[in-house]
Amino acid sequence: MPIPSSTYRLQLRGDQFTLDDARDIVDYLDDLGVTHAYLSPILSATEGSTHGYDVVDPTTVSAALGGREAFEALAAELHSRGMGVIVDIVPNHVGVDDPRQNAWWWDVLGKGRLSEYADFFDIDWAPDNGADGKIALPVLGSDEDSKELTVDRSGEKPLLAYYEHRFPIADGTDSGDPESVHARQAYRLVSWKAGLVGYRRFFSVNGLAGLRQEDLDVFTRSHSQVASWMTDGLVDGLRVDHPDGLADPATYLIELRELIGQDRWLVIEKILARGEPLDESLPVDGTTGYDALADLGGVFIDASGADGLLELSKARTGTSDDASWLHSTEEALKTSVARGDLAPEVRRLARCVIRESGTDVDLEPVVDAIVAVVASMPYYRSDYAPLAGTIGRVIGTLAEEQSGLGVGIDALTAALISDGESAVRFEQVCGAVTAKGVEDCLFYRATRLVSLQEVGGDPGAFGVSPAAFHLANADRAVRWPAAMTTLSTHDTKRGEDVRARIGVLSQTPQLWARCIADWELLAPSPDGASGLFLWQNLFGVWPADGRIDEELRSRVHAYAEKALREAGLRTNWSEPDEAFEKSVHAWLDSILQGTIADSVTMLVARLDPHGRSDSLGQKLLHLVGPGVPDVYQGTELWEDSLVDPDNRRPVDYTVRRQRLSDTSVPLVDVTGAAKFRVVRAALRLRRDRPDSFVGGTYAPVNATGSASTHVIGFARGPVTGNPDVIALATRHSLTLASQGWGSTSVVLPEGRWRDRLTDTVYSGDIQADTVFAALPVALLVREVSEGDILGEHDA
């Protein structure tokens, strides 16, 4: 099976969309033009899991999804049509929220170091770990809650019980009162507020315990099911979840490549900072596409709107969301995370640093040094080849600026040079701190333009110039031609169409500021920063017809609660401020109906066409551009998702199937017919002409004339021939509306070019107002024979 031409992401759930359900839509995906179905994790996960990333048994396919038999049937159906299967795997961690469901974890808790699985997990067994060398499990409500423990003798074996939680009791240790029984176990139940966690976690999620994939036995056992897929020819590629959490990502990927073979597609969820290159020595085809997402969305942002939106943000919040503020706030938040949620990992690293540095230094100075260095690190982790020297530069700067860190810095430096456990843990902590501090906090605080606040994005960079966009695309076409590209994922903060509409505000900051002022007079938000943040998201999801149903109302309230708690300004997850949250919910209710709702609807009706223009533009450039584009489930039509779990809602494929044969719907309408036409035409074209895309050439196509900057386009083609595909899109359509296209035109290469979206044929110098008369995008394909030219008319 060759490299995919395109993928279609399917979110599987035992209660909503199983492997059999996926098999039922294979014919639809085939007709759409998709070449590979891309499945969310399918290994056995925690009962009732809605996402599959909490795998409890990596050796079996989830029975809730249909099991191995259903997976084989799905793969057979896809392969019978010449299509392929991509599966998302989760090597970094497993689910341990309910220990009874994870046989490996249960065995370790029951037998401690004597368990055959003791080395599978990254457990802190050190005598100075704060739990007397036992596995600290943060499940108690308080330290005094150990008095609430009981022994459950209702089953075959006695279990230690804490309300609904159950834990194993080692053989021969169940006599006496529950606290005495607890004291004899290999684990210690501690308060979740105590800052003690006895194992490496996925970020700060207590229910996800890290695996030691650096141990070949762990790799082999945890990949046994994956290996069988390769042996049986079921899978054509893998997506690897969060490899940066591993001790040695590069070595892991080498082992994985050897396991799956050289011909299967392999992409990794590697979050690159803006400007960070992907290590070309890695045996992978590329990332999962957040770097491309930032470029695709950024080129439609109007940079001239930065100052106006910045002034609005400053007026509403009292802070200036510029690059300087973002940088300082990022460091402060990362510092807070390192001293808060991730303090157990930081202190474990500090103890390791003291051991490996050979220095006689107290713990706290080392913690201070680690926190300062981690907060200043510009990348998820710095041990990839292109980033060599990063730690040295960061530590050098800190040593000059903060002389008080000297003792701790010296110890950390010595430990890192020893290249042992400290160096590994340092990199793992860096990624976790960045994710929790930036993506899960800063991106919920910044308010200048929230559509820029996306995984892998930089809200300090207001837009992407066409020149930068083309250079990034050209580089991707050469260096990473088979990397995945994306606009929406299960992890995006907002869906692609929501981001596109919010992005239009960059073209009209003054109008937006006036609206905010008017609305705030009628319904003052409980908090300036939270209010401005939520106003933008409301604008992004507000129906163009103004009809707010109960489902949307519920979704907005759920999103607001999550966003406010992630931001951590007035409320948070551990200690929610119920009074503040109640005031926000009441404020939202006052907006979702009445005079303000009518006003919001009027603004949305005015700007929605321009949001759809940008949405179509970024979708076309995504699907025709370099790399392997992924279509997230349902996004072939207009889609208004916010952050997880909102973006995992069920997709109505009945409606989408109707689009396959429905030619009576106008190209531009609120149902999404235009977007569907763009997606289907582009995917089918990619499938028909694979040589023009993955591995094909890339060249900018520029316009001339008074509105030339409003055109963004490029040409693709096989390396052995001339370009045969051109994608053109409209930029900044709102500002364009006031001046019109005027004399703007695009000079096409020699030949006759048919627009696959309107079936119009063009040649030579074409006027922009002609090519964009029906749609704000055009997908031009060079005619290859006289037989292909039937019923056309020259423009």
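**Exercise 1. The largest cavity**

Which helices and strands each supply at least two residues of the lining of the largest cavity? Determine also its volume and the classes of its lining residues.

*Solution.* This is a predicted model, in which local features need pLDDT of at least 70 and side-chain atom pairs count only at pLDDT 80 or more, while totals for chains, interfaces and linings use all residues. Residues are numbered from 1 along each chain as its sequence is written, and side-chain values use heavy atoms, with hydrogens and water left out.

Step 1. A cavity is a set of points, on a 1 Å grid over the protein atoms alone, where a 1.4 Å probe fits but cannot get out; lining residues have an atom within 4 Å of a point. Grid points are joined across faces, edges and corners, and the volume is the space filled by probe spheres set on the points. Helices (H or I, at least four residues) and strands (E, at least two) are DSSP runs, numbered from the N terminus.

Step 2. Consider the cavities. The structure holds seven of 30 Å³ or more, and the largest cavity contains about 170 Å³ of space.

Step 3. Identify the lining. It consists of 14 residues, and R200, R201, E345, Q428 and V429 lie nearest the centre of the cavity. The elements that each supply at least two lining residues are β12 (201-202), α12 (343-357) and α16 (421-439). The largest share, four residues, comes from α16.

Step 4. Classify the lining. Ala, Val, Leu, Ile, Met, Phe, Trp, Tyr, Cys and Pro count as nonpolar, Asp, Glu, Lys and Arg as charged, and the others, Gly among them, as polar. The lining of the largest cavity then divides into five nonpolar, four polar and five charged residues.

**Exercise 2. The second largest cavity**

Describe the second largest cavity by its volume, its lining and the classes of its residues.

*Solution.* Step 1. The space in the second largest cavity is about 110 Å³.

Step 1. Its lining is made of 14 residues, with L43, P58, V90, P91 and S222 nearest the centre. Strands β4 (55-61) and β6 (93-95) each contribute at least two residues to this lining.

Step 2. By class, ten of the lining residues are nonpolar and four are polar, and no charged residue is present.

**Exercise 3. Helix α4 and its ends**

Which residues of α4 are buried, and against which elements do they pack?

*Solution.* Step 1. Buried means under 20% relative accessible area, exposed over 50%, and partly exposed in between (1.4 Å probe, protein chains only). In α4 (residues 103-111), the buried residues are W104, W105, D107, V108, L109 and G110.

Step 1. Contact means heavy atoms within 4.5 Å. The buried residues of α4 pack against β4, β7 (135-140), β10 (165-168), β11 (187-191), β13 (205-210) and α6 (216-222).

Step 2. Examine the ends. At the N-terminal end, N102 caps α4 through a side-chain oxygen that lies 3.2 Å from the backbone nitrogen of W104. After α4 comes G112, which has a positive phi near 65°.

**Exercise 4. Strand pairing**

*Solution.* Step 1. Two strands pair if DSSP finds at least two bridges between them. Four bridges join β9 (residues 159-162) to β10, and these strands run antiparallel. L159 has P168 as its bridge partner in β10.

Step 1. Two residues lie between the strands of this hairpin, and Y163 takes a positive phi near 55° there.

Step 2. The open sheet has the order β20-β23-β26, with antiparallel pairing. Because β20 (703-704) and β26 (765-767) stand at the edges with a single partner strand each, one side of each is left without a neighbour in the sheet. Two bridges pair β20 with β23 (residues 745-747) in the antiparallel sense, and T704 stands opposite S745 in β23.

**Exercise 5. Backbone angles in loops**

*Solution.* Step 1. Most residues other than glycine have a negative phi, and most peptide bonds are trans.

Step 1. D132 has a positive phi near 55°. D132 is placed in the loop between α4 and β7 and counts as exposed, at 55% relative accessibility.

Step 2. D759 has a positive phi near 65°. D759 lies in the loop between β24 (753-755) and β25 (761-762) and counts as partly exposed, at 42% relative accessibility.

Step 3. The peptide bond from D644 to P645 is cis, with omega near 10°. P645 is found in the loop between β18 (628-632) and α24 (653-661).

Technical notes. 1 Å grid on protein atoms, 1.4 Å probe; cavity = no way out; pocket = protein on both sides within 12 Å on 5 of 7 lines; lining within 4 Å. Polar contact = N/O pair within 3.5 Å; in protein donor to acceptor, adjacent residues only side chain to side chain.
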